[in-house]
Amino acid sequence: MTRQDIIKKISSIPVEKMVVVQVQCRPAEKSNQVLVVNIDGKKWFCERPKYFWSNFDRAFLEKPYLSEQKLLYPGIHEPMTIFDKRGLLWSREEMSSFGLLKYFLEHPNLYLSAMAEHTYDAQNIIQQLKDRKKIWQNTDYLAENFRIIHEMYARFYRFQSSIFMLFDEMAYRFRELLIKYLTKEEVNLYFPNFLSGEATKLALLKGYVAERAALEYQTTRGVLYAMSLKPRAFYAKPQFFSFYENDGEIVLSLLAKKILSKDLQIFMSYRMMLPFGYQINEEAQYIETAGLSAHLGVLMKMIAKKTGYSVDQLQAKGMPAIVKLLK
Amino acid sequence: MKSNNGPTGICVSSGETIGTIRFYKKGVAYTKQDIVLLNEWLTSGVALLKNAGGLLSSRGGITCHASIIAREYRIPCLVGLKGVELKDGQKVRLNATSETITIL
């Protein structure tokens, strides 16, 4: 089936007729529902059924999703991620959080190398934002800045599913594995170590946490959803490896409880991936909001002023029309 | 004395504290003697509760940003509370590590 056939088929199914699966990794208020459809013998998942992406958003997101699929599954040429006509994002099982987790638990080295590549991209983006700070609001550079931020998004979202979709599931499943073998006290003195990082500490110190919290009440998502924030090139370098005081005790306790060899291997994969994954996820949310979205917001307001259209009208016109207007 | 040692919630930040249950009200300055019960589990609320002794909510999960903030503040905290009826002003022992709340 072609991409268009899949889009057409999924779009033709009314949401109320789709199978709804509840996931445990997110609480209800953060949308714990996943939509599932079966297309041509393959399951497709919509893990964020409350997020509707506009054509304008898709101009930023579609290419990176394709690139992520190519990087992770180079042998599969059929589309594995699509946006339906409603704007809902759909992934085939392999690119869903469940599929990605399964894949990375078997290949934690690939997760680390993907996240290391992302870290390199993130550092470049931050540097570029800093370098261009003085000319970001200069109308002579409007077209150039717009092209550059589009490229930044493409690089930033190269591992979009692996960063944003996967994390909740990964943390939840790791905790479940610990609960299977350890006492509550052991789990609760160990697990929280994994969800701590420099980006949060620094953001708290500088007051950016409260700034970002203003977005909590927004019900829609899109590349401009954080345009109300002050643009910032905020970054805290993630630590590739983290060590915790009670690592040794936990491993001994798992061995004393006769952990299955397969589970011990899974434990080691989580142990390697989760601390880095957490930091990347946190860092990515600051870059996505105050970094990219807020900077894009500044540009869109300037384009609106220059062309006489509102930001909403520009979004509705779409990316090619905006590029044309800027020429 | 009434005690509740059943499963009460999910620990997102470990530790133990004794204090008084306070139903969250915006703008109130809470202290280490207060265990604040929040109806909503939002970063904007939790970020202002750095000085609270403990945090509780029937909402939220382990990876919510509000939980991350509670952990950074090192405040004993349980989210997703179930089967516990707490009253404003009640004195309790919150053991987030063992996920129990004991009414004193």
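In this predicted model, helix α3 (residues 97-106) of chain A and helix α6 (residues 160-181) of chain A have axes that come within 9 Å and cross at roughly 75 degrees, the axes being lines fitted to C-alpha atoms over the stretch in contact, with angles from 0 to 180 degrees between N-to-C directions. Because angles of 65 to 115 degrees count as roughly perpendicular, α3(A) is roughly perpendicular to α6(A). Helices here are DSSP runs (H or I) of at least four residues, and strands (E) are runs of at least two, numbered from the N terminus. Residues are in contact if their C-beta atoms, placed from the backbone, lie within 7 Å.

| Helix | Residues in the contact |
|---|---|
| α3(A) | A:S97, A:F98, A:L100, A:L101 |
| α6(A) | A:S161, A:S162, A:M165, A:L166, A:E169, A:M170, A:R173 |

The largest nonpolar core has 98 residues, and B:V36 and B:L55 have the most contacts inside it; such a core is a set of buried Ala, Val, Leu, Ile, Met, Phe, Trp, Tyr and Cys residues joined through C-beta atoms within 7 Å, where buried means that 20 or more other C-beta atoms lie within 10 Å of a residue's own. Helix α11 (residues 261-307) of chain A supplies the largest share of this core, 16 residues. Leaving aside neighbours within four places in sequence, B:L55 is in contact with residues including B:V36, B:L38 and B:I75.

Between the chains, the contact takes 23 residues from chain B and 23 residues from chain A. On the side of chain B that touches chain A, α2(B) gives the most, with four residues.

Residues are numbered from 1 along each chain as its sequence is written, and chains are lettered from A and ligands numbered from 1 in the order in which they are written. As this is a predicted model, local features need pLDDT of at least 70 and side-chain atom pairs count only at pLDDT 80 or more, while totals for chains, interfaces and linings use all residues.

Key: Two residues are in contact if their C-beta atoms, placed from the backbone, lie within 7 Å. Angles under 35 degrees count as roughly parallel, over 145 as roughly antiparallel, 65 to 115 as roughly perpendicular and the rest as oblique. A residue is buried if 20 or more other C-beta atoms lie within 10 Å of its own, exposed if 12 or fewer, and partly exposed in between; C-beta atoms are placed from the backbone.
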